[in-house]
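Here is my note on the model, point by point. Please read it with the structure open.

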Amino acid sequence: MNEKKKKKLNYEELALFCEQFAMTLDAGLNHMDGISVMLEDAMSEEGKEILEVILEGLHGGLRLNESMENTGVFPKYCLDMIRIGETSGKLDEVMHSLSFHYTREQNISEGIKNSLKYPFIIIGMMFVVILVLVIKVLPIFNQVFIQLGSEMTGFSKGMMQFGNLVGTYSIVFISILIALFALYWFFLRTEKGRTHFAKFCSRFFLTRGLYEKIAVGRFASGMALTLNAGLRPEESLEMVATMVDNDTVTARIRHCLELVRQGNSFSASLVDAGIFNNLYSRMIAVSGKSGTVDKALEKIAGKYDEEVDSRITNIISILEPTLVIVFSIIVCMILLSVMMPLMSIMTSIG
């Protein structure tokens, strides 16, 4: 496979692969037969090539995770979980869990993109309207004022001067807009960009709480998945810590890992590390006594999903009308600063 083909699969593609492969295992097929069936149904050339590489590895005597690793398109977490599933004899359960896990990640990713996309569209449209006003409309009104023996003053004059500046240095402003669009594309459309964007948002005071919830939910989901696959708590913590991209939550996970290594119980370590809030910590403490920590973690992951969805929805519901109001006020101020003096002059003439 060439370098272009080795682009990592996105969450949606990973979820689809895991779900389809789990279905073949549920039907009683072995690894090679399952991949062969998926290869027959593959629609894209990229998908066929990936499955062919996996099938070739299986025929060569490699394990499933080793054959998938040869494709270069699967993330390390997915490969590690499949290796664990093979070793424990729970591969079908692991594949279903991975499908659910990556579907959840896709939903979160799409929610964040949507929360940013519509405000950017509104900002762009209103920005164009304001530019048209200051570059095209205000100079016309200024000519009218000059013909009437007056001139623009105050806010309208300042905006017209800004429009003249934009017109004079249009190449510079166009370059800035192109650079901003390139940054938007980099941060939301590339894997490296999304990583940097997530790190920034995890530190920015307005989005820090949301991204911490996302990271804790990801931790709960990953822990439930690894514990269900048969890993010891210490192994699960080590693995899941690498997939949480929030420094604050990662530090708490490392603290929890140290407590477990010191001989504390897993449930008590989770509570003492302060990874979850008081309510969820109580759930963990109770489930630890009954030996159902993995089930409690699944429920907690679901609750965090709901909280993240609710927070994103609230942000969008507040941000969109706020932007419309702000830009509408700016447009009204521009028009009123022109129309009121003009009406006054016309009244005096009349």
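1. Aspartate 80 and lysine 76 both sit in helix α5 (residues 76–88), four residues apart, about one turn of the helix. Helices here are DSSP runs (H or I, at least four residues), numbered from the N terminus. The two side chains meet in a salt bridge at 2.7 Å, N to O. The rule for a salt bridge is a side-chain nitrogen of Lys or Arg within 4 Å of a carboxyl oxygen of Asp or Glu. Aspartate 80 is buried at 14% relative accessibility, whereas lysine 76 is exposed at 62%. Buried means under 20% relative accessible area, exposed over 50%, partly exposed in between (1.4 Å probe, protein chains only).

2. Basis. This is a predicted model: local features need pLDDT of at least 70, side-chain atom pairs count only at pLDDT 80 or more, and totals for chains, interfaces and linings use all residues. Residues are numbered from 1 along each chain as its sequence is written, and side-chain values use heavy atoms, leaving out hydrogens and water.

3. Longer-range pairs. The salt-bridge count comes to 11. Arginine 252 pairs with glutamate 212, with closest N and O atoms 3.0 Å apart. Arginine 252 lies in helix α12 (residues 247–261) and glutamate 212 in helix α10, so this pair ties together parts 40 residues apart in sequence. Lysine 213 and glutamate 307 also form a salt bridge (2.7 Å, N to O). Lysine 213 is in helix α10 and glutamate 307 in helix α15 (residues 293–349), so parts 94 residues apart in sequence are tied together.

4. Core. The largest nonpolar core has 66 residues; Phe74, Leu98 and Phe276 have the most contacts inside it. Helix α10 (residues 208–228) gives the largest share, eight residues. A core is a set of buried Ala, Val, Leu, Ile, Met, Phe, Trp, Tyr and Cys residues joined through side-chain atoms within 4.5 Å. A second, separate core of 16 residues includes Ile130 and Met159.

5. Cysteines. Cysteine 18 is buried, at 1% relative accessible area.

6. Arginine 218. This residue lies in helix α10. Arginine 218 is buried, with a relative accessible area of 9%. Leaving out residues up to four places away in sequence, arginine 218 touches Arg104, Glu105, Met243 and Asp245; contact means heavy atoms within 4.5 Å.

Methods: Helices (H or I, at least four residues) and strands (E, at least two) are DSSP runs, numbered from the N terminus.
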